[in-house]
Amino acid sequence: MLFAVLIPLLIACFIPALSKLKTKIHTGIFVFFVPFFIFIYFASFIGTDFSPVMEQYNWIPSLGINFDLYLDGLSLLFVLLISGIGALVVFYSIYYLDKSEQLGNFYVFLLMFMSAMLGVVLSDNIFVLYTFWELTSISSFLLIGYWHFKERSRYGALKSMLITVFGGLSMLGGFILLYVITGTTSIQEMIQQADIILSSNYLPLILGFILLGAFTKSAQFPFHIWLPDAMEAPTPVSAYLHSATMVKAGLFLVARFSPIFATYEWFFIVVSVIGIITLCWGSYMSVRQTDLKAILAFSTISQLGMIMAMLGFGTPIAIFAAVFHILNHATFKGSLFMVAGIVDHETGTRDIRKLGGLATLMPITATLAIFGTFSMAGVPLPFLNGFYSKEMFFDATLGLGSGGWSQVIPYLAVIGSIFTFVYSMYFFFGTFTGKKQLDQLPKKPHEAPIGMLISPIILVAGVILIGLFPNMVNAPFLQHAATAVNNAVEYNKISFWHGFIPPLFMSLAVVGIGTVLFITRKKWQAVYNFLPGKTSFNHIYNGIISKLDTFSKRITNFYMTGSLKTYMSLILSTVLIISVVYMFLTDGFAFSTNQLAEPSFIEIAVVAVMIIAAIATIYMNHNVAAILVLGVVGFGVAILFVIYRAPDIALTQLVIETVTVALFLLCFYHLPKMRKSTDSLKTKTVNAIISIAFGALITIVAISANSSRWFDSISDYFVENSHKLGGGDNIVNVILVDFRGLDTLFEISVLGIAALAVVGLIKMKKNKEAE
Amino acid sequence: MYKYKTNDLILRTTTSLIAFILLGFAVYLLLAGHNSPGGGFVGGLMTSGAILLMNMAYGFETVKKVLPINFVKLIPIGLAVAAATGAGSFLFKQPFLSHTFGYFHIPIFGEVELATAMLFDIGVYLTVVGVMMTIILTIANDKD
């Protein structure tokens with residue numbers, strides 16, 4: 001099984017070489033065999049006596065992340081869809097994509113996606129599942145932007161990337177919470193610990209996070225907006241990713257985790273309500289579209305909403321119908337996308353307003369389309385599989401009990417289905433019947449080559465076969481999938497005729513009202529000017545994106561002014577706020593006077609002079625004067641060192657002060673004259689407040705630090721051992737060169753670097769002038 | 001900086017005396033550092049002060065002739081001496097920068113204490129002289 005998951009990735013490594021070497025043969029021919037053999041391999045598992053298979057491989061055992069693969073009925077359904085439709089899509093793409101396209105890229109992305117999707121549905125480990133989940137997002141991004149020279153492609157790719165990755169990340173958050181609560185990374189073990197999860201306080205958060213992941217991936221309301229824009233991808237991609245496989249990953253996730261959450265009432269409420277809203281909104285919006293693929297995109301959204309709603313209901317019949325509809329939808333939607341691709345390929349346009357009357361020109365395509373659309377609409381005919389799952393859907397909505405507002409659900413289901421019927425009819429009759437408008441078409445339409453038709457024919461054959469013999473797929477296949485979801489084994493004998501029961505009347509109502517609405521479509525179409533109107537979610541998305549853009553730009557411009565003064569005041573005020581808050585929180589203020597010495601008159605006098613000099617520095621209007629006055633402060637410090645009996649430091653301070661003043665004078669000789677400050681009074685006040693507050697802070701910190709001594713000083717050690725161990729009586733010097741010699745070594749290195757930097761600066765300036 | 005030449009007779013005469021005293025004092029500070037105030041750092045600063053004074057009085061060209069030292073080179077030399085003193089302790093299987101000292105009898109001076117820390121201080125001294133003179137001379141000679 002591991003090999004089956006990874007083989008598309010392995011083959012993808014060789015595709016570029018193949019597409020370069022064998023330019024005469026279409027690369028897709030080589031690729032075709034990959035999904036084909038995977039399909040055959042997994043098809044061998046089908047059977048009434050199927051039981052789940054588990055394979056384990058170590059990946060990161062220390063983190064509990066293992067490459068565990070688990071194949072049960074649900075995974076089997078999905079892997080067969082992925083590999084089966086994958087093979088058909090690759091076959092279709094051989095005829096759809098010309099050899100002049102960058103085929104290497106296309107098939108590498110497609111194989112990447114296939115591998116990722118197989119990984120998603122087969123992984124038993126949540127983190128492996130997440131890894132593959134993001135790989136589907138990335139490969140989907142690459143495929144949507146395949147024609148990267150088109151503006152719309154890039155927009156659609158970016159949009160889908162942002163939305164699905166947003167959901168994917170939140171899903172990761174949910175997974176991590178699950179891992180923390182259960183202590184395991186395996187989904188099957190989590191299902192066994194469902195009661196621990198259900199009694200956890202984090203349950204709403206987990207459910208919300210995971211559902212957000214599922215809803216964004218499966219294009220549920222209001223995250224559905226990326227799917228219509230993803231239609232800029234080549235049609236095989238739309239057929240494969242955006243109808244049959246990737247968008248069903250969210251459904252898979254919900255189904256996979258529903259054994260855990262099924263008994264939690266919010267699971268039912270959120271999933272089914274969102275599903276029903278998506279169903280109605282998607283089908284309503286679909287009728288408005290004029291692009292064939294956009295109709296299909298909104299149709300996909302609404303069908304996914306329907307399946308999601310059924311997964312939310314959680315009753316055995318609903319789960320069975322959901323699983324059944326996943327299969328049915330994949331068959332008819334895949335074929336319809338291929339039909340749309342053929343129409344596009346043969347006429348040069350997908351605009352339904354320019355199309356019409358193609359039935360006589362493209363009879364085979366029209367026949368395929370009629371089966372696809374009627375099955376999608378759920379028309380009660382015994383050879384259409386869409387009808388069976390739709391009737392089960394109605395049945396499921398009625399089975400929700402009479403409690404409160406769940407009675408609304410059947411009505412909403414019928415309304416959604418009516419619009420489904422309308423857009424299905426619109427898709428077929430708008431394209432294939434009516435007036436021919438050959439002068440409007442870029443190409444002269446004719447029937448597609450047979451190779452292009454084979455894939456949709458196979459899919460439509462699936463539609464009819466399942467429609468005629470629904471029980472063929474039931475016991476060996478769908479039962480296992482339904483069992484995997486809700487564990488309740490209930491054998492449903494699928495049959496066309498159940499007698500005159502409510503679901504049948506609902507279906508008939510859908511067809512009846514749908515027909516009326518379809519015929520009178522022109523009359524009520526004005527409603528679309530009001531209902532999505534300004535509240536369209538694309539509008540909101542674009543608004544958010546551009547608002548975020550300007551908002552972050554404004555924030556950055558607010559503090560990144562380029563003025564060093566601003567940065568300085570920001571830094572100082574931040575330090576100020578953090579220190580004050582922290583001192584308040586830890587009760588760090590202290591003021592004790594019991595260790596203070598009595599100040600002498602000389603000390604007070606020297607300090608007074610220093611204070612006066614410091615204040616005077618601020619008011620100096622000439623830079624030389626400012627330096628000289630500042631020098632007074634420096635010499636005052638030296639005197640203080642003398643008073644406090646620190647002869648070494650006093651000496652050093654004296655000499656350094658002299659040298660610094662001399663250096664300043666040398667440097668300032670080159671500088672322009674000091675200008676009068678042009679700051680406004682407000683800035684000056686703010687600066688003054690910040691400086692005074694900062695000075696006060698440092699004073700308070702110093703006093704508090706001095707007032708709260710927790711340990712004895714280590715200086716006694718130096719006093720005792722300076723002569724004994726260091727052989728010197730000057731303790732300062734012994735500390736500098738012996739006890740803490742490393743500091744001195746690096747300090748002189750700093751000096752050396754500074755000197756070299758001065759040389760470098762001035763020499764460089766000279767060189768520049770010389771050039 | 002000096003656009004016209006003046007006859008600084010008094011300055012030059014006193015400088016020749018003071019510079020000598022300063023240099024001597026600097027050497028004293030360096031050597032006495034271990035037992036009384038002083039050390040390589042102050043000694044170095046004092047030396048640069050003396051040389052700077054000579055520069056002021058006699059002009060940069062003259063001093064260059066008298067003291068043909070490339071001060072930039074003093075920086076790596078000083079750093080190397082300091083680092084080598086530290087690394088020397090490896091020869092005796094001691095940690096980096098372990099110092100030792102002893103008392104020796106030297107003919108003229110009598111009983112004298114010699115410490116390896118003094119070598120380190122000499123490294124500091126050389127570096128400081130090199131750094132100060134490099135910075136001042138570079139900036140002062142940058143006449144544009």
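**The A–B interface and local features of chain A**

Across the interface of chain A and chain B, the rule finds zero salt bridges, a salt bridge being a side-chain nitrogen of Lys or Arg within 4 Å of a carboxyl oxygen of Asp or Glu. The model is a predicted one, in which local features need pLDDT of at least 70 and side-chain atom pairs count only at pLDDT 80 or more, while totals for chains, interfaces and linings use all residues. Side-chain values use heavy atoms, with hydrogens and water left out; residues are numbered from 1 along each chain as its sequence is written, and chains are lettered from A and ligands numbered from 1 in the order in which they are written.

On the chain A side, α27 (647-668), α29 (715-726), α30 (731-739) and α31 (741-770) each supply at least two residues, with helices (H or I, at least four residues) and strands (E, at least two) taken as DSSP runs numbered from the N terminus. The most comes from α31(A), with 16 residues. By class, this side of chain A holds 21 nonpolar, twelve polar and seven charged residues; Ala, Val, Leu, Ile, Met, Phe, Trp, Tyr, Cys and Pro count as nonpolar, Asp, Glu, Lys and Arg as charged, and the others, Gly among them, as polar.

How much area do chain A and chain B bury between them? The figure is about 3,600 Å², 73% of it on carbon and sulfur atoms, where buried area is the accessible area (1.4 Å probe) that two parts lose on being put together, summed over both. A:Leu666, A:Val737 and A:Ile748 supply 15% of the area that chain A buries against chain B, more than any other three residues.

Over all chains, the salt-bridge count comes to eight. One pair is A:Arg256 with A:Asp72, whose closest N and O atoms are 2.8 Å apart. This pair links distant parts of the chain, 184 residues apart: A:Arg256 sits in helix α12 (residues 249-261), and A:Asp72 in the loop between β4 (69-71) and α3 (73-96).

Two backbone details round out the picture. The peptide bond from A:Phe221 to A:Pro222 is cis, with omega near -5°, and A:Pro222 lies in the loop between α9 (203-217) and α10 (226-229) of chain A. A:Arg645, a residue other than glycine, has a positive phi near 60° and is found in the loop between α26 (623-643) and α27 of chain A.
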